[in-house]
Amino acid sequence: MKKLENFIYDILNEKKKKKLVVTLTAVAFFASLLMFPTKMVLAKMLPGKSDNTFSIYIDTPTGSSIEETKKVSSCVIDFLKKEEEIMHIELFLGQGIPLDYAGLVKGASMKQTENVAEISVNLTDKHHREEPSFLMVQRLRPVIKEACLPLVKETNIKFIEQPAGPPTMASVVVEVHGENLKKIREVALETSEILSQTKGLVDVDVMADEIFDKYELIPDKEKIARSGLSVEQVNNILYLAFEGMVVAHKNSNNSTDQIPIFLVLEKESKKLFSEEENALKSKLSSLNLMNMQGMMVPLSEVVQIKKVKSNPMIMHKNLSRMINVVAETDMVSQVYPLLDARAQMMEYFEKEYIVEKEPGINTYMFDLHLTDRETGEKFLLRWDGEMKVTLDTFRDLGGAFIAALVLIFLLLVVYYKSFVLSGIILLGSFLSLIGVIVGHWVANWFTSETFFLTATSLIGFIALMGISSRNSLLLIDFAKSLMECQGMPKRRAIAVATATRAKPIALTAVAIILGSALLASDPVFGGLGVALISGTVAAVFVSLLFVPILMDNAKAMDFENGTCDMEHHNISITK
């Protein structure tokens, strides 16, 4: 203790040493902040979560047959079967899987078309598996896509992991708002192309139906009447041939309700030999109806074939027409690919549009407003998804941090009746941020994947404010007591107080470090554990080296001798 006392006293007595400590502290603080723009430390809402399951969404082009969707699904399943860690695979063809945490906002429960399929994959227990689920997904994604996507052109395969935090539609979501549906679709497709070329983004998809050619079968009422048929007859045979329908019911002793009898042509009979109109005419010619005179009338004689464009689904949000463009991140923070893609969008759209940024600083500050140079039509590119949740969370945590600072400061002002001493305590606490940031950089060297600074890391930093403030309070109160009760000189009192309180400060730090050690290995709360451990270490050095210098320079620490109330100050210093 005596050595530490003399060490602190020597620093306080020499201006050069004091300036050196202050300079080194300032350099360490700003160097740690520079770790964000230099990408030495990456920020993210929550890191990847290793789970016992993940899903694969397969979307073939709108209008594709169930056979085409099954072809792609079978290809994906063949690759999954080769993985030893996969226990169960379940295919849901033409529908979504039973609603899970990830599918809450992804619309899995609303899928009921032939061009969609979802595969549920169950893995061995994560505690007995070396490879985390998110690393398995990262490894399988390029292999499966390379082999299965070419089977049906314009197919999209997305790997869906269980989120570690609030479920979102995707890591990156761009909402394209406007009134002109055709132009919205064009902007959405251009946006998806930019996202596809952005490093770090995968599974890019436009959440809109493709427009394709289709044939409408329109009964000709005049010809139907002349042929001695009815419109109902024609409609029924069309449904029976291509869709199927209930034609009768059966009663059973084992069932309280009637059992419907569903009639439809077999698959081979329904198939057309090509996509041309002649193939459909040939199929209709093979279907005959008997009229009231007992004559067989080919269906092609009473039905008109009309080639039309499909009607895509129109989506709205807040009474505004929009199309979502989604993308997932490939083991990177969504912040950096978003900024890269946004810069590319601004450059690309400036050719045809007047591009304006969202004014002010808010959770929509990355939005882009487009105005067509020729027509004056306005469009909005709004960023949503995990990025929006991240901004909201960091905004709320930032507000909580500022509120904590203000409340602690006011409480200290009331206690010390000094703004300077209160400011010293808060500054010393705030500098624990050095340890939080550097700790994440160090932790990144000991993990197989990127160790992000997350929302839980900020929670740990906010918690550190109270712990760090306590260290400075111990020093100031003890130094004040030594000066008032024993008439000890200011610098010697600060040195003695620092040396005496170093042991309880260190023991408190050790207790926090040991208590947080288990959290550091957790995939979700690892940021909280690292923030508490590294921030506590930094807080100890700041409290024992930097805060004493601030105390020495503060006139508020010049207390008068003989004002001590000995009943409340029982101080014994052994030298």
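Lys-281 and Glu-277 are four residues apart in helix H9 (residues 277–285), and so are separated by about one helical turn. Their side chains meet in a salt bridge with an N to O distance of 3.8 Å, a salt bridge being a side-chain nitrogen of Lys or Arg within 4 Å of a carboxyl oxygen of Asp or Glu. Helices (H or I, at least four residues) and strands (E, at least two) are DSSP runs, numbered from the N terminus. The model is predicted: local features need pLDDT of at least 70 and side-chain atom pairs count only at pLDDT 80 or more, whereas totals for chains, interfaces and linings use all residues. Residues are numbered from 1 along each chain as its sequence is written, and side-chain values use heavy atoms, with hydrogens and water left out.

Lys-281 is partly exposed at 39% relative accessibility, as is Glu-277 at 28%; buried denotes under 20% relative accessible area, exposed over 50%, and partly exposed the range in between (1.4 Å probe, protein chains only). In helix H6 (residues 221–226), Arg-226 and Glu-222 are likewise four residues apart, and their closest N and O atoms lie 2.8 Å apart in a salt bridge. Arg-226 is exposed at 59%, and Glu-222 is exposed at 53%.

A salt bridge of 2.4 Å (N to O) joins Lys-145 and Asp-203. Lys-145 belongs to helix H4 and Asp-203 to strand S6 (residues 201–207), so this pair ties together parts that are 58 residues apart in sequence. Lys-145 is buried at 17% relative accessible area, and Asp-203 is buried at 3%. Both take part in a network of salt bridges that also links Arg-141 and Asp-330.

Four strands form an open sheet in the order S2-S3-S1-S4, with antiparallel pairing; pairing requires at least two DSSP bridges between two strands. Strands S2 (86–93) and S4 (156–161) are the edges, each pairing on one side only. Strand S1 (residues 53–59) pairs with strand S3 (residues 116–123) over seven bridges, in which Ile-56 has Ile-119 as its bridge partner.
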